[in-house]
Amino acid sequence: MVRYNAFCKIVELGSFTKAAEEMGYTQAAVSQMIQSLESDLGFTLLHRSRTGVRLTKEGERLMPLIQKSVHLNREIEDIANEIRGLSVGEVKIGTFSSISQNWLPRLIHKFEKTYPNVRFSVLTGDNKSIPEWIDNGTVDFGFLYPRAASGLRVINFAQETFFAVLPENHPLAEQTDISLEMLEGEPFIVEEEGIANTALEAFENAGLKPNIRYVMHDDYTILSMVEEGLGVSILPAAVLNRAPYSFKKVMTTPPIKRNIGIAYVSEDMLPIAAKKFINLILDNVPNIIKGKYTVAFKAEKLSLPDKSE
C-alpha cells in the first residue's frame with residue numbers, strides 16, 4: 001500500500017522530491033517504490049522530465065482505482081484504530097483563506113483536545129480547485145459555496161454577508177449603505193474564485209456591469225490594493241474581521257449573502273477522523289461564528305460506527 005500512497009503523493013505534488021519529503025523517505029526510496037510498482041504492473045505509470053512528472057495514459061486509467069484503494073486502506077486503518085481505542089488518523093481539508101484564518105484554527109484546537117494524535121493537512125484554494133481536490137481524493141472534504149459543488153454531497157452550515165470595501169478617503173466611505181449602481185463606475189478589484197463569483201453575480205442580477213480593473217486570487221492582496229486607493233471591492237465579512245489593512249466597509253443595498261457548505265464525495269468515502277471533525281464543526285460553528293453578519297444553520301450530523309460514538 002505504501003507504493004500506492006507514494007504514487008498518489010507524486011501525482012498530487014508533481015514531484016518525486018516533494019513526495020519523498022512529505023512522506024519522510026529519501027527520493028531514491030520513493031523512486032524505487034514506483035519502479036517496483038511499474039515492474040509488477042508491466043507498464044509505465046509516470047513520465048519523468050525536467051519540467052516535472054505527468055501521468056501516462058495507463059497511469060490516468062489506473063489513478064482513480066489507486067486513489068480508491070488508498071481511501072479504503074485509510075478507512076480500514078481508522079476503524080482498526082477506533083476498535084483499539086487509539087483514535088489516530090488524518091484529516092485532509094480544502095478551504096478558503098477566510099475560513100482557514102478565522103474559524104479553522106479554533107476548531108482544530110478544540111478537536112485536538114479529544115484526539116491529540118490526529119494529523120491535519122489543509123490546502124487553501126477556490127471554487128475551482130477545491131471541488132477538484134475533493135473529487136480526486138486530494139482532500140477528504142472541503143468548505144465550498146454550494147453552487148460550486150456540482151456532483152458532490154453538501155452540508156449547508158452557515159450564511160455570510162458581503163460588504164463593499166473602499167479606501168478610507170473615498171467619497172462614498174461615509175455612506176451608511178451603498179447600492180451596486182453607485183459602485184458600477186468605480187475601478188473594481190475582483191477576487192478570482194473560479195466557478196462562482198458572488199460579487200459579479202450580484203452585479204449581473206442587478207443588470208449592471210462593474211468596471212473590472214484588477215483580478216486577484218488572494219483576499220488580503222485585494223485589501224492591500226484598496227488601502228492603496230487602486231479601487232474598490234466586495235468581500236465577505238469573515239475576510240474583514242482581523243485584516244491588517246486600513247479601509248472602510250459599507251453594507252450594500254440590497255444585502256449580498258451566500259451560503260457556505262461542507263462538501264464531500266460520499267459518507268462512505270470519508271475516514272472516521274474526517275467524519276468526527278465535520279460533526280465537531282456542526283456542533284461548534286454556532287459559537288465560533290456567531291455575529292450579526294455570519295449566521296450558522298442547524299445541520300444533521302454524519303453517522304459514525306457505534307464504537308466511535
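This tour moves through the structure in a series of selections and states what is found at each.

**Before selecting.** The model is predicted, and local features are reported at pLDDT of at least 70, side-chain atom pairs at pLDDT 80 or more, while totals for chains, interfaces and linings use all residues. Residues are numbered from 1 along each chain as its sequence is written, and side-chain values rest on heavy atoms, with hydrogens and water left out.

**The whole chain.** Display the protein chain first: its C-alpha trace spans about 70 × 50 × 30 Å along the principal axes. The chain has 12 helices and 12 strands; these elements are DSSP runs numbered from the N terminus, helices being H or I of at least four residues and strands E of at least two. Of its 309 residues, 49% count as buried, where buried means under 20% relative accessible area, exposed over 50% and partly exposed in between, with a 1.4 Å probe and protein chains only.

**Helices α1 and α3.** Select residues 2-13 for α1 and 27-41 for α3; the two pack at an angle of about 110°, with their axes 9 Å apart. Axes are lines fitted to C-alpha atoms, for helices over the stretch in contact, and angles run from 0 to 180 degrees between N-to-C directions. The pair is therefore roughly perpendicular, the class for 65 to 115 degrees; under 35 is roughly parallel, over 145 roughly antiparallel and the rest oblique. On the α1 side the contact (heavy atoms within 4.5 Å) involves Val2, Arg3, Tyr4, Ala6, Phe7 and Ile10, and on the α3 side Val30, Met33, Ile34, Ser36, Leu37 and Asp40. By class, these contact residues are nine nonpolar, one polar and two charged. Here Ala, Val, Leu, Ile, Met, Phe, Trp, Tyr, Cys and Pro count as nonpolar, Asp, Glu, Lys and Arg as charged, and the others, Gly among them, as polar.

**The largest pocket.** Select Asn5, Lys9, Arg74, Glu90 and Lys92, which lie nearest the centre of the largest pocket among its 27 lining residues. A pocket is an open set of points on a 1 Å grid over the protein atoms alone, where a 1.4 Å probe fits, with protein on both sides within 12 Å along at least five of seven lines; lining residues have an atom within 4 Å of a point. The volume of this pocket is about 770 Å³, a volume being the space filled by probe spheres set on the points, which are joined across faces, edges and corners. Helix α4 gives the most to the lining, with nine residues. The lining holds eight nonpolar, 10 polar and nine charged residues.

**The second largest pocket.** Move to Thr198, Glu201, Ile256, Lys257 and Arg258, the closest to the centre of the second largest pocket among the 17 residues that line it. This pocket holds about 280 Å³ of space. Strand β11 supplies the largest share of its lining, six residues.

Thr253 and Pro254 are joined by a cis peptide bond, with omega about -5°.

**Leu270.** Finally, select Leu270, in the loop between β11 and α12 (272-288). Is Leu270 buried or exposed? Leu270 is buried, with a relative accessible area of 2%. Not counting residues up to four places away in sequence, Leu270 touches Asp140, Phe141, Tyr264, Lys275, Ile278 and Leu302.
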